[in-house]
Amino acid sequence: TSFETGDKIGVYITGYENGKPLALQLGGNYKNNNPVTFDGSAWVADPVIYWGEGQYDVYAYYPFMIPESVDELAFSVALDQRVEETSDALSAYEASDFLYATKKGVTSEGGDVNLLFKHKMSKLTVNITKGEDFEGDIPEDMTVYIHNTVTDCLIDLSTGDIVKDPYASAQTVTARKIDAGTHTAIIVPQMLVNKKPLVEIIFRNVSYMVESKFNFKSGMHHVLNITLNNNPDKVNIEIGGEIENWN
C-alpha cells in the first residue's frame, strides 16, 4: 500500500490444465515476468495483460529484475544502504526490500486481481539513546554497521520462500540513517546461533560494539535499543518486539 510513482513490479501468470494448476516456470507461462508500473494512481502493464478463458495463478514481486531462475532467484541486499535514490535507480535501501504477492485461481469473472504484497526480508532498527554519564548530544555523523550477516539469498517465486545463500560469506551492512538516534537496515533472514559482533556504532573515532545472538525472521521488523555511555565497554542493549506488516 506504500508504492510510489514509477515503482515497477514483475508479474508471472500460469494457467490450468484439466482443472489442475500448471507449475511456474522461467518461460512458457501465460505471462513471463510482465512489467507493471505504478503511475501514481493505477498500475499499468506494458505489454497489456489480457484475460483468457479458465483459471490462472498470479505471482508478483518487487523490485523488478530479470530473473535467471524462478525457484532459486538470486537476490542480495545492499552493503551500503545509505546510498540515496538517483534519477534512474532506487535507493540502495529500497532496492534491498524484496516484496512478494500471489493470488491463486483467478478468472476474468472475478474482476480486478488484488495482490497483497508482503516483505520477505527482515528489517532491523537500531535506536540509540544516551546513558546517564554520556556527555553531549547524540552526534549527527554517527555510522552504524551490522556485522556478520550473509547478504545473499535464494527466493522461490512460486511460494515466496527464502533462504540465505549457503555458499555466501558473511558481510557488513552499513545502516541507513533516519535521524541522529535511529538507523535501519534490510537484512537477509537468518539465524546467528553464536554470540558474535552484531552492531557497531562509530563516532568521534570511538567504536561501540554490541555482541549478540539473533534470529532475523522473514517479514519481521526487529528493534534494538542501545544505550551509550562514555565507556565504550559499557553498552546496554535491549531487544524490542517483532513487528509484522512494517512500512
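Buried means under 20% relative accessible area, exposed means over 50%, and partly exposed lies in between (1.4 Å probe, protein chains only). This is a predicted model: local features need pLDDT of at least 70, side-chain atom pairs count only at pLDDT 80 or more, and totals for chains, interfaces and linings use all residues. Residues are numbered from 1 along each chain as its sequence is written, and side-chain values use heavy atoms, leaving out hydrogens and water.

**View A. Arg82 and Asp80 form a salt bridge.**
A salt bridge here is a side-chain nitrogen of Lys or Arg within 4 Å of a carboxyl oxygen of Asp or Glu. By this rule there are three salt bridges. In this one, the closest N and O atoms of Arg82 and Asp80 are 2.9 Å apart. Asp80 has a relative accessible area of 26%, so Asp80 is partly exposed. Arg82, at 41%, is also partly exposed.

**View B. Lys177 meets Glu140 in a salt bridge.**
The closest N and O atoms of Lys177 and Glu140 are 2.8 Å apart. Lys177 sits in strand 15 (residues 176-179) and Glu140 in the loop between strand 10 and strand 11, so this pair ties together parts 37 residues apart in sequence. Helices (H or I, at least four residues) and strands (E, at least two) are DSSP runs, numbered from the N terminus. Glu140 is exposed at 53% relative accessibility. Lys177 is partly exposed at 37%.

**View C. Lys130 and Asp137 join through their side chains.**
This salt bridge spans 3.9 Å, N to O. Asp137 counts as exposed because its relative accessibility is 61%. Lys130 is partly exposed, at 39%.

**View D. Met142 is buried in a loop.**
The loop runs between strand 10 (122-130) and strand 11 (143-150). Met142 has 4% relative accessibility, so Met142 counts as buried. Which residues is Met142 in contact with, leaving aside neighbours within four places in sequence? They are Ile128, Ala180, His183, Ile201, Ile202, Phe203 and Leu228. Contact means heavy atoms within 4.5 Å. Take Ala180: Met142 and Ala180 are 38 residues apart in sequence, yet their C-alpha atoms are 7.1 Å apart in space.

**View E. The largest nonpolar core holds 25 residues.**
A nonpolar core is a set of buried Ala, Val, Leu, Ile, Met, Phe, Trp, Tyr and Cys residues joined through side-chain atoms within 4.5 Å. Val144, Ile146, Val199, Ile201 and Leu228 touch the most other members. Strands 10, 11, 16 (182-187), 17 (190-203), 18 (206-216) and 19 (221-228) each give two or more residues to this core. Strand 17 gives the most, with five. A second, separate core has 19 residues, among them Leu24, Val70, Tyr93 and Ile162.

**View F. Ser122 reaches His222 through a polar contact.**
Ser122 is in strand 10. At 0% relative accessibility, Ser122 counts as buried.

Two strands pair if DSSP finds at least two bridges between them. Strand 1 (residues 8-14) and strand 6 (residues 56-62) pair over five bridges. Ile13 has Val58 in strand 6 as its bridge partner.

Key
Polar contact = N/O pair within 3.5 Å; in protein donor to acceptor, adjacent residues only side chain to side chain.
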